[in-house]
Amino acid sequence: MYLPPHDPHVDDPMRFKPLFRIHLMERKCATVECMYGHKGPHNGHIQIVKKDEFSTKCNQTDHHRMSGGRQEEFRTWLREEWGRTLEDIFHEHMQELILMKFIYTSQYDNCLTYRRIYLPPSSPDDLIQPGLFKGTYGSHGLEIVMLSFHGKKAKGTKITGDPNIPAGQQTVEIDLAHPLQLPDIENLRDFSELSRIVLEVQEQVRREEQEREQRQEEEEHCQQPASQPASPLGAGEGAEGEETAAGAEGTTQDKAPASQPFVLPMGVISRNEDYPRTCRICFYGTGLIAGHGFTSPERTPGVFVLFDDDRFGFIWLELKSFSLYSRIKVSFQNAQAPSREAFDEMLKNIQSLAT
């Protein structure tokens, strides 16, 4: 198991924790040992479920328990997962979320199912190299997100989840066709000014989507012979295509512009105050928020901030919160997707598991 570093140190390396091991014996026999818990290796079981999927089961779950009971287990888990004690965490809401996570994860420590995850394929036109990133999620701590590019969109998919948004859900979506021009550094400190800029772009995106849907409806009802010349609607589509191409070209040209000063607006909360003070480019985007148990999910507007090749951020406008993401630099063997179609299918599958 690869665990993120302790919150909120996103630039620190991942932590490694063995969960099981297999001893290959003579005559094609093997023994499986569970490595979970603090009493050393003990008897376990592995079952191949289907292609790219297997499960592990512990046959001696008493090895996972501690003499001090659940309270000792919780305190030990807290030190390992968060690098602190409960007394260090003064925020009552954060204590509640951490306790929820402990209760949830400890229910599944005896039987786990593993499914293959492909790393996202890359393209020369990508804004940065896609891959896995560690990100801050407020009181939830650090979580793992997969950044992938899909034409005019970029997606951040949760690989690890929390009581609000489970793994597999698309935590952020970046609209690469709508770069944002940030105000100067003094005006950027004013949250209302940034909010005004973002909401104007949100309204523009909404109008464009309505126009696109209207054109599609008109096309479906249009029974025009192919021999007739193109209608004004066709000209409109061409104009939109040129406009989109121009926008895309502009985005490509802006992939490595001169850095501009960056600071979080007053009132925006960040777990990590050590974020970069310059950025390359910003885009309009949306972030997924929900209540406990993934209730009432909705996409809300935000700002994607590209700092460099290995770090980006997202300002959650409605939450007045900032997430900082740093690239995971672990080298995973044989993790490349065999095709773009296989990767897209994997994304659909992990999202369907989450819902």
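Which residue forms a salt bridge with K50? The partner is E53, and the closest N and O atoms of the pair are 4.0 Å apart. A salt bridge here is a side-chain nitrogen of Lys or Arg within 4 Å of a carboxyl oxygen of Asp or Glu. Buried stands for under 20% relative accessible area, exposed for over 50%, and partly exposed for what lies in between, with a 1.4 Å probe and protein chains only.

Some ground rules come next. This is a predicted model, in which local features need pLDDT of at least 70 and side-chain atom pairs count only at pLDDT 80 or more, while totals for chains, interfaces and linings use all residues. Residues are numbered from 1 along each chain as its sequence is written, and side-chain values use heavy atoms, with hydrogens and water left out.

How confident is the predictor? The pLDDT, its confidence in each residue from 0 to 100, averages 85 over the protein chain. A score of at least 70 is reached by 88% of the residues. Residues 227–256 are another matter: there the pLDDT is below 50. Beyond near neighbours in sequence, this stretch has 18 contacts in the model. A contact means heavy atoms within 4.5 Å.

Now the overall build. The protein chain has six helices and 18 strands. These are DSSP runs numbered from the N terminus: helices are H or I with at least four residues, strands are E with at least two. The chain holds 355 residues, and 39% of them count as buried. Take the contacts between residues at least 6 apart in sequence: 54% of them join residues at least 24 apart. The accessible surface comes to about 19,900 Å², and carbon and sulfur atoms account for 51% of it. Accessible areas come from the Shrake-Rupley method with a 1.4 Å probe; for residues, only the protein chains shown count as cover.

Back to the charged pairs. The count of salt bridges comes to 23. One of them joins D162 and K158, with the closest N and O atoms 2.6 Å apart. Both ends are buried, D162 at 13% and K158 at 2%. Another brings D309 and R280 together at 2.8 Å, N to O. That pair links distant parts of the chain, 29 residues apart. D309 lies in the loop between β16 (295–308) and β17 (311–316), and R280 in the loop between β14 (278–279) and β15 (281–291). D309 is partly exposed, at 42% relative accessibility. Elsewhere, D11, D308 and R311 are linked in a network of salt bridges.

What of the cysteines? A disulfide is a covalent bond between the sulfur atoms of two cysteines. The cut-off used is a pair of cysteine sulfur atoms within 2.5 Å. The structure holds zero disulfides. C58 is in none, because its nearest cysteine sulfur, that of C34, is 4.0 Å away and a pair must lie within 2.5 Å. C58 is buried, at 5% relative accessible area. C111 is partly exposed, at 38%.

Y2, F16 and F332 make a nonpolar patch of about 330 Å². Patches consist of residues with over 30% relative accessible area and no salt bridge; like charges are joined within 9 Å, and nonpolar side chains (Val, Leu, Ile, Met, Phe, Trp, Tyr) within 5 Å. F332 sits in the loop between β18 (321–327) and α6 (340–354). At 31% relative accessibility, F332 is partly exposed.

How values were computed
pLDDT = per-residue confidence, 0-100.
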